[in-house]
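Please find below a note on the structure shown here. It is arranged as numbered points, from the overall fold to single residues.

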Amino acid sequence: SVIPSIEEDWNKTLTKFIEESGYQPQPNASVVAISGCFHSAMAVGLNTELELASDVIGKLRAFVDQTIERVRKSGQKPSKDDALNLAANLMLIALYSTVVHPTSTMRFRREWVLDGGGFITTWTVGWFLQHFGIAQ
């Protein structure tokens, strides 16, 4: 099956990057996941406000397994939505398993209100935070 190969490739790539960078996941950290991570959390039915990382990974895995089983039973090719959800969630399983400690808590957020004004975070927020010296 292609699915285990995709997951293994992601794990190898992320593991190599982590080993080369010297990064170590921090126990009990608080992680805020935005943009596509938020959309995957919604599709899977995660609690977007606070979820233990080990539970997030387990729920993503269950969603992937259920989707694969449903598609197999149907005898049809996966729909475009199924294929996109499988790819995204397999990538997130590999990412979270590699860079987030299982005891960390995760919050999934896309829309924010600060000082009375609202905004939506996208993948570009990281660039701006780093560019303006707010994040390393």
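The points below take the basis of the model first, then the fold, the core and selected residues.

1. Basis of the model. The model is predicted, so local features are reported only at pLDDT of at least 70 and side-chain atom pairs only at pLDDT 80 or more, while totals for chains, interfaces and linings use all residues. Residues are numbered from 1 along each chain as its sequence is written, and side-chain values use heavy atoms, with hydrogens and water left out.

2. Overall fold. The protein contains five helices and five strands; these are DSSP runs numbered from the N terminus, with helices (H or I) of at least four residues and strands (E) of at least two. Along the sequence they follow the pattern α-β-α-β-α-α-β-β-β-α. Of contacts between residues at least 6 apart in sequence, 76% join residues at least 24 apart, where contact means heavy atoms within 4.5 Å. Buried residues account for 28% of the 136 residues; buried means under 20% relative accessible area, exposed over 50%, and partly exposed in between, with a 1.4 Å probe and protein chains only.

3. The three-stranded sheet. An open sheet with mixed pairing is formed by three strands in the order E1-E3-E2; strands count as paired if DSSP finds at least two bridges between them. Strands E1 (30-33) and E2 (51-52) each have a single partner and stand at the edges, so one side of each lacks a neighbour in the sheet. The pairing of E2 with E3 (residues 105-108) is antiparallel and runs over two bridges. Within this pairing, Leu 52 stands opposite Thr 105 in E3.

4. E4 (residues 111-114) and E5 (residues 117-120) are paired in the antiparallel sense over four bridges. Glu 111 has Ile 120 in E5 as its bridge partner, and Val 113 stands opposite Gly 118 in E5. Two residues lie between the strands of this hairpin, and Asp 115 in the turn has a positive phi of about 50 degrees. Asp 115 is exposed, with a relative accessible area of 87%.

5. The nonpolar core. Which residues touch the most other members of the largest nonpolar core? They are Val 56, Leu 60, Tyr 96, Met 106 and Phe 108, in a core of 21 residues. A nonpolar core here is a set of buried Ala, Val, Leu, Ile, Met, Phe, Trp, Tyr and Cys residues joined through side-chain atoms within 4.5 Å. Helix H2 (36-44), helix H3 (53-74), helix H4 (80-99) and E3 each give two or more residues to this core, and H3 gives the most, with seven. In soluble globular proteins, nonpolar side chains tend to be buried together. Leaving aside neighbours within four places in sequence, the contacts of Met 106 include Val 31, Ala 33, Leu 50, Val 56, Tyr 96 and Val 100.

6. Helix H4. This helix has 20 residues and reaches 28 Å from its first C-alpha to its last, close to the 28 Å expected at 1.5 Å a residue; the expected span is 1.5 Å times one less than the number of residues.

7. Glu 7 is found in helix H1 (residues 2-21) and is buried, with a relative accessible area of 14%. Not counting residues up to four places away in sequence, Glu 7 touches Arg 61, Leu 90 and Ile 93. The C-alpha atoms of Glu 7 and Met 91 are separated by 6.9 Å, although these residues are 84 apart along the chain. Thr 48, in the loop between H2 and E2, is also buried, at 17% relative accessible area. With the residues up to four places away again left out, Thr 48 touches Phe 38, Ala 41, Met 42, Arg 107 and Phe 108.

8. Asn 28 lies in the loop between H1 and E1 and has a positive phi of about 60 degrees although it is not a glycine. Its relative accessibility of 62% counts as exposed. Arg 109 lies over the face of Trp 112, at 4.8 Å from the ring centre; the criterion is NZ of Lys or CZ of Arg within 6 Å of the ring centre and within 35 degrees of the ring normal.
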